[in-house]
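Here is a structure to read through questions. Each answer sets a value against a definition and then concludes.

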Amino acid sequence: MKIQLSKKQKIAAGLLAVAIVAAVAAFLLFGRGEDLLATTIRLIRYEGEVSLENEGKNATLREDMMLRNGNVLSTQAASYADLNLDDTKAVGLDEESSADFMQEDKQLRVNLASGGLYFYTTKKLEDGETFDIGTHTMMVGIRGTSGYVSVDDKKGETTLHLTSGKVHVTGTNPETGGTREADVEAGQTLHTYLYDDKKGDESIEFRVNKTRESDLPPFFVERLSRNPAVMERVVEESGMSASRLSRIAERAAAAGAAQSYGQTFSEYQANNAAVRDYLQETDQGLVTGSNTANAVADIGNMSGTQLS
């Protein structure tokens, strides 16, 4: 028997069909619910051998791509990655490093598994915002700061170099459950040590000392130099020398140029008179941080190559 539908019933059936089709299309397009959790974290640039892992599988990597919750980014030797967490926060992976990224509303967290990463913010966090950097032994709460965190599994040590602002650090020994807390200010370095022959809070130790310019990884200093406002704040709050930091940044830029041609820095320096002259000028304070890009370009022009 053929069923006759009223006009209202036909409209209702049509709307239901559209809803079903839309739901199926959304499922096919996005998959499981957690895949919808895209973040504001964007890969700005990368150099060398960098890999991206999504749900345990290798994913295609491209510059200016958005990361998803749980994505793991890893770098090999002489390889680096720079990311914007949003318009005011940036992090970057040093060579031979690995980290994953999580975001939920205004809460951001970066978990460093190995190696090192830099971080900085261009303004203080707003009410309700959180930005944490964690390792297997330490959690750093960022508010409006810059610094560098590293993990050395061979030494059993986690290190924080804070170059501006102030942070609260919580340390935990995962084997004993012992904890420590400390506030770290600009110009200070905190080392975390674990002991397997002690119990409770005595099994974890914090050591804080003054940060010297030479303590900072050249990769980190070179990245700071790309943002003059951030670098100015570092100099002002940490008390470190602007000229020394500039020389470190310039050497790092020249070393990066050498790597782009498949040479070690020593090989590049030995075979290129322009680099030797450039380094001599930096030692004499003749090249300033604001001229780093021009200086590196000059090296390329003098050697008959184009450096970037």
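Helices (H or I, at least four residues) and strands (E, at least two residues) are DSSP runs, numbered from the N terminus. By that rule the protein chain has seven helices and 17 strands. The model is predicted: local features need pLDDT of at least 70, side-chain atom pairs count only at pLDDT 80 or more, and totals for chains, interfaces and linings use all residues. Residues are numbered from 1 along each chain as its sequence is written, and side-chain values use heavy atoms, with hydrogens and water left out.

Q: What makes a residue buried, and what percentage of the protein chain is buried?
A: Buried means under 20% relative accessible area, exposed means over 50%, and partly exposed lies in between (1.4 Å probe, protein chains only). Buried residues make up 42% of the 308 residues in the protein chain.

Q: How is the accessible surface computed, and what does it come to?
A: Accessible areas come from the Shrake-Rupley method with a 1.4 Å probe; for residues, only the protein chains shown count as cover. The protein chain comes to about 16,900 Å². Carbon and sulfur atoms hold 50% of that surface.

Q: What makes a set of residues a nonpolar core, and how many residues has the largest one?
A: The set must be buried Ala, Val, Leu, Ile, Met, Phe, Trp, Tyr and Cys residues, joined through side-chain atoms within 4.5 Å. The largest such core has 37 residues. Those with the most contacts inside it are Leu73, Phe101, Phe119, Phe131 and Leu160. Strand S9 (residues 107–121) gives the most to this core, with five residues. A second, separate core has 17 residues, including Ala90, Val221, Val234 and Ala249.

Q: Which residues does Phe101 touch, leaving aside its neighbours within four places in sequence?
A: Contact means heavy atoms within 4.5 Å. On that test Phe101 is in contact with residues including Ile41, Leu67, Leu73, Leu83, Val91 and Val110. Arg68, Asn69 and Arg109 are also among them.

Q: What share of the contacts with a separation of 6 or more joins residues 24 or more positions apart?
A: Such pairs account for 50% of those contacts in the protein chain.

Q: Why is S9 called mostly covered?
A: Count its buried residues. Of the 15 residues in S9, 11 are buried.

Q: How do you know that S9 pairs with other strands, and which ones?
A: Two strands pair if DSSP finds at least two bridges between them. S7 (residues 89–93) and S9 have five bridges and are antiparallel. S8 (residues 98–104) and S9 have seven, also antiparallel. S10 (residues 130–134) pairs with S9 in the parallel sense over five bridges. S12 (residues 146–152) runs antiparallel to S9, with six bridges. Each of these pairs therefore passes the test of at least two bridges.

Q: Which residues stand opposite each other in these pairs?
A: Leu93 stands opposite Leu117 in S9. Ala99 stands opposite Leu112 in S9. Leu108 has Phe131 in S10 as its bridge partner. Tyr120 stands opposite Ser146 in S12.

Q: What lies between S8 and S9?
A: The two strands form a hairpin with two residues between them. Asp105 in the turn has a positive phi of about 55°.

Q: Why is helix H2 (residues 218–225) called mostly covered?
A: Six of its eight residues are buried. They are Phe219, Phe220, Val221, Glu222, Arg223 and Leu224.

Q: Why is the pair Lys89 and Asp86 called a salt bridge?
A: A salt bridge is a side-chain nitrogen of Lys or Arg within 4 Å of a carboxyl oxygen of Asp or Glu. The closest N and O atoms of Lys89 and Asp86 are 2.6 Å apart, so the pair qualifies. The structure holds 13 salt bridges.

Q: Are Lys89 and Asp86 buried or partly exposed?
A: Lys89 has a relative accessible area of 3%, so Lys89 is buried. Asp86 is at 22%, so Asp86 counts as partly exposed.

Q: What makes Arg244 and Glu213 a salt bridge, and where do they sit?
A: Their side chains meet at 3.7 Å, N to O, so the pair falls within 4 Å. Arg244 is in helix H4 (residues 242–259), and Glu213 is in the loop between strand S17 (204–210) and H2, 31 residues apart. Arg244 is partly exposed at 47% relative accessible area, while Glu213 is buried at 11%.
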